[in-house]
Structures are given as structure tokens and as C-alpha cells.
Amino acid sequence: MRPDHPDFKRAFQILWDAFGPSGEMEPEPVIREMMLDDATVPMEQGSFARYFMIVARDRATGTIRGVRDGRVMLNPAYGPEFCLVYLSHIFMLPEARGTVLTYWLRIAPLDLAVTYLHVLHQKGKIQLPLPDQPGKYYGMRVDLAAETEFFSPEDKLSLQRILFYGRGGFDCIDPHHFPYRQPDFRDKEMIARTGDRPVPFMLLVRRVGREREARLPIDEARAIIELLYDDFETFCEPQHLASSLDIVLGRLEERRSRGKNDVALLPLPTGPRDLKRLRPLFRYDAYRKHYGPGPTTDAVLQGPTAQKIAENPSWLDEELARISQELAKTPRWVYASRDKGFDPDAPEEQPVAPAPKEPE
């Protein structure tokens, strides 16, 4: 999509209304500029990046039901055979939540990545390991990456997002070694008045074709964070990014210095039976253990959740049990569409009438 596309204004507004007010999205002029950038010209750091915005429509009415944007990124200096698909934002209109459109918006960027890799190879910008095998992503290691809030029982949206990505094959990079922060995307004037406020988020990855691997090599983790922060530099002030980036890189190198070459990938829950996976992703504990006090964590560390835990050390387990019971009553309509061979464009099957009985 380009800025002159008839869907752009509506699509941007959908995402901005959801993420802009909280400082989690770049303003419209920046998005327009990224759309118009020549994606075959590397950024200052040597990274190639292609921005995308995808719209999902209702097949019957043509109405926009959801929007996804993000970037396909790679830098041979970070990893010669590595490509990152950064899934920046997704918003589904209420009537489309829990439908196959949600799944489609999660996987469609992979096709864009394949096309982009081919273009860069054709122009001599990169060398693909398997240039004749697009079905194997040309031999490139492709990761999908997304951000989301840590879990907290009173924040229902945090649970919904985690389940969404868990059912899509994503894991969380262990925040002990990868304390990721999303940059502050607010206006520079506002940041100058209030101070820089990067938000602690989980960084989720789906390592395409390697989803069963429970460890992430440190070199790959470094490539992910460096590519993401190269992207953020197109809008954010470098001095605001440096501290958050240095913390993650420092933790990774500290682990390497201890003779470790990888970090854990924490599995996400997919339903009521594995909600115990939320324990290491509990917002209060994650902030306390991995981030510490600060402008964006104090409200949690000193808020009602801390009081509830002080009064009842079993509070989190009781909340997980309650949520598990609620989820068990909810049908999972859309996720069956992830079965191998499912075709979302195929016509719906019609019920077959029973054959008439033979006369006795």
C-alpha cells in the first residue's frame, strides 16, 4: 500500500486510534515517508527495510475488518542469512475478532518477505543461499517478531493478545536476558516535557520452520534487537534508544561471557490447560525482577497488584484458576483454520443430504 491508496487514510486511522494515544505508533507523516522510501537502498546502518500495511476486508461487503503493519528487515552484517519480519501493529474490528482474517493478517507478511528478498537478490543487493527455492524462503532463516504487554489478570486484553500469539506458534524471549523496551513514540516536544518513557514489553518470536526449538542463539537475539532499533531510529532520537538497546546487548554479552551461547524461549499459553505458562510472564514479577523501578514501572510495582500479592501470596494462582475456568467455556472457532491444507478462499462446504433409503 502507498499513501495515495484509497484505503490508506481509513487504515492508518484504525491503527492510530488503537495505538497512537498511548505513544505506541509513529505519526502519519512518518508512516507516509516509510511507504515512499526506496526499499532497495540500505539505511545508514546498512539495514534493508520494507514497510508494509495490509488491509483485510469482508468478502461479502468489502468493509475493512482489520489492519496490520510492519517491516521486513535484514542486514548481512548482523546475520548474512537472516531476515526479520517485524509485526508492528494489528487491529481487528470487533465483528472480525475470532475469524480467519485474524490468522491471515498474521501470516500474510511472510509472502511479502519472500517477494522482498527476491527483489533485493535480483538487484544484486544480497546473495540468497537458495535463489531457486522460494518455498524454503531462499534458504534464509526467517523470524516473525511482535511486541505485547506482559500479562496481568485484570488486563483482559493482555491475555487475549498472548493467546493469539501463542496459538500462532510464537514464544517469548526470556526477559531475564532480553529486557526489551518499546521506544517512546510520542512527539518530541512531549518527551522533552515529561522525559523519555520506553515501555517494558515482551518480545515474541516465531522462528519459521524452527518453532520446536526451545533456545534462541545469542547471535540471532542480537540481530533481532539491532534490526528493530535500526527501524526505530527512523523516528526516535538516537539518545533515547541507546540506553534501552545497551541494556539488552549488555545482558546478552554477559550471558555469553559465562559460556552460554543461547537464551531460553518461553512458550506461550494456547488455552485453559496451559495457563501456567503465564507465571514467568506476570507483569508485576517481570517488572520487579528484570526492569526495576522507573517512570513506566512504578505504577505497577507500587499499585493495587502489589497490595493484593502482599495480602494473599496465592493471588496469582487463584486468578489463573479463575481464568482457566472462564476460557474452558469459550469455543475456539478460528484456530481450527490453522490445520494444514486449510484454504481460506475455498467455498464453504455444503451439508450433504442423506441418501434415500432403498425400499425394503
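Trainee: Which residue's side chain does the side chain of R71 join in a polar contact of 2.8 Å?

Mentor: Bear in mind that this is a predicted model. The two side chains sit 2.8 Å apart, and a polar contact needs N or O atoms within 3.5 Å. The partner of R71 here is D231.

Trainee: Is R71 buried or exposed?

Mentor: R71 is found in strand β2, which covers residues 64–74. Its relative accessible area is 4%, and the cut-off for buried is under 20%, so R71 counts as buried.

Trainee: Which are the edge strands of the open sheet?

Mentor: Start with the order of the eight strands, β1-β2-β3-β4-β8-β5-β10-β9, where the pairing is mixed. An edge strand pairs on one side only, which points to β1 (48–57) and β9 (215–217).

Trainee: What is the bridge partner of C83 in β4?

Mentor: Strand β3 takes in residues 82–92, and strand β4 takes in residues 141–148. They pair in the parallel sense over six bridges. In β4, C83 is partnered by V142.

Trainee: What angle does the direction of helix α1 make with that of β3?

Mentor: Helix α1 (residues 8–19) packs on the sheet and touches β1, β2 and β3. Compared with the direction of β3, that of helix α1 is turned by about 85°.

Key
Residues are numbered from 1 along each chain as its sequence is written. This is a predicted model: local features need pLDDT of at least 70, side-chain atom pairs count only at pLDDT 80 or more; totals for chains, interfaces and linings use all residues. Side-chain values use heavy atoms; hydrogens and water are left out. Helices (H or I, at least four residues) and strands (E, at least two) are DSSP runs, numbered from the N terminus. Buried means under 20% relative accessible area, exposed over 50%, partly exposed in between (1.4 Å probe, protein chains only). A polar contact is a pair of N or O atoms within 3.5 Å; within protein, one must be able to donate a hydrogen and the other to accept it, and residues adjacent in sequence count only if both atoms are side-chain atoms. Two strands pair if DSSP finds at least two bridges between them. Contact means heavy atoms within 4.5 Å. Axes are lines fitted to C-alpha atoms, for helices over the stretch in contact, and angles run from 0 to 180 degrees between N-to-C directions.
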